[in-house]
Amino acid sequence: MLTIDKFYNARIVLENILRKTDLVHTKKVNTTCEVYLKPECLQRTGSFKIRGAYYKISQLSDEEKAKGVVACSAGNHAQGVALGATSMGIKSLICLPEAAPMSKVEATRRLGAEICLVPGVYDDAYNRALAMRDEFGYTFIHPFNDENIIAGQGTIALEILEELPDVDVIVVPVGGGGLISGVAYAAKTLNPNIKVYGVQAENAASMVQSLEAKEPVLLTSVSTLADGIAVKKPGDLTFDICSNYVDGVVTVSEEEICAAILRLIEKKKMVAEGAGAVAVAAVMFDKIPVEGKKVVCLVSGGNIDVTTLGRVISSGLIASGRLCSIHIEVNDQPGTLAQTCAIVSKLGANIISVHHDRAMSKGNVRVCVVKLTAETRNEEHLLEIKSTLKKKGFNVVND
């Protein structure tokens, strides 16, 4: 049975392995409430996963430790298990799909794990891990559906309440549900008045659909930038805890996730992966009732690939009105392009590319489309530019 004593025991066990992640106050997420960030992106291995993995492994019997552990993950859980096992002198084997990013594979290997690359997708790697558990007697370390994993993750709530006893709302990323189960159980046990909300990517909303159906639901597919929470089906244990302790689970779009990542980088100099930014996105875009409240957003991880980060920043700039593409229909004659660019530049936008396209004229040989890509201040600035162009007689065709 899950009890609050297990959480406090986990806190003691984890004391010497964790980095301290003090709350960071910010006024740049939502001006209607008081927002604090819990920066688990700064944790060892770059995510909260070390908490549950280390505590779970620490509770194994001597016989289980001697045989070793096996896990399946393409990301943060793998690194948490590898670090936890290595630090206790225990063998760890991590099964990964062959297509897993090489950076994550090598990061897990550097932490001391033996790697088994499995042809196919995550489900194939998961099945291989279970087969190796049965064949060699390893202990399987589940990423979320385990009481000790849940208790380890829930130590985050104990830290939040110690640092901010009057917290009103805690917002948590949700994949399989291990993190929010631990946080909600601990927070509600210590203070039933605290509201705990979960956040999922709208393209991977397995817990949302499960809570609506009142039973765990298996999604046919998941596809999201927030790969750390791209889970097709929550666990039966985590589903039960969420049903009883969580006040609601909402979703955010891919564009909103990108905007949250960008906000964290720009305003707090904090790098979050997609899964790590969803709680911030939910508060930024008013998905949760937080007005006048003290709110803690869990930034659960920061392991984002650098090439992905570049695309995310561009998407975030577009979502926040900072980068735009304006298509303008103009007369194809000398001076018109210069006039168009002058109007946009005079309004304070920074034009970074211009494309003059006659093929878009729909048969009118006297007309062409000018495609301007420009850096703007915000959505209001972009609307001002488009409005001014229209007043000058130009047809903005992508308005």
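Trainee: What should I know before reading any value?
Mentor: The model is predicted: local features need pLDDT of at least 70, side-chain atom pairs count only at pLDDT 80 or more, and totals for chains, interfaces and linings use all residues. Residues are numbered from 1 along each chain as its sequence is written, and side-chain values use heavy atoms, with hydrogens and water left out.

Trainee: Why is Cys258 called buried?
Mentor: Buried means under 20% relative accessible area, exposed over 50%, and partly exposed in between (1.4 Å probe, protein chains only). Cys258 has 6% relative accessibility, so Cys258 counts as buried. Cys324 has 9%, so Cys324 is buried too.

Trainee: What makes Thr224 buried, and where does Thr224 lie?
Mentor: Its relative accessibility is 15%, so Thr224 counts as buried. Thr224 lies in the loop between α9 (206-213) and α10 (236-245). Helices (H or I, at least four residues) and strands (E, at least two) are DSSP runs, numbered from the N terminus.

Trainee: Which side chain makes a polar contact with the side chain of Thr224?
Mentor: That of Glu254, at 2.8 Å. A polar contact is a pair of N or O atoms within 3.5 Å; within protein, one must be able to donate a hydrogen and the other to accept it, and residues adjacent in sequence count only if both atoms are side-chain atoms. The Thr224 side chain also reaches the backbone nitrogen of Ala226 at 3.0 Å.

Trainee: Why is the pair of Phe136 and Tyr138 called tilted?
Mentor: Rings of Phe, Tyr and Trp (its six-membered ring) pair if their centres lie within 6.5 Å; planes under 30 degrees apart count as stacked, over 60 as edge-to-face and the rest as tilted. Here the centres are 5.6 Å apart and the planes are at 35°, so the pair is tilted. Phe136 is partly exposed at 43%, whereas Tyr138 is buried at 9%.

Trainee: What makes the pair of Tyr185 and Tyr245 tilted?
Mentor: The ring centres are 5.1 Å apart and the planes are at 55°, so this pair is tilted. The pair links distant parts of the chain: Tyr185 is in helix α8 (residues 178-190) and Tyr245 in helix α10, 60 residues apart. Ring pairs also link Phe7, Tyr185 and Tyr245 into a cluster.

Trainee: Why are α11 and α13 called roughly perpendicular?
Mentor: Angles under 35 degrees count as roughly parallel, over 145 as roughly antiparallel, 65 to 115 as roughly perpendicular and the rest as oblique. Helix α11 (residues 254-268) and helix α13 (residues 306-319) pack at about 100°, with their axes 7 Å apart. They are therefore roughly perpendicular. Axes are lines fitted to C-alpha atoms, for helices over the stretch in contact, and angles run from 0 to 180 degrees between N-to-C directions.

Trainee: How do you know that Val396 is buried?
Mentor: Its relative accessible area is 7%, so Val396 is buried. Val396 sits in strand β14 (residues 395-396).
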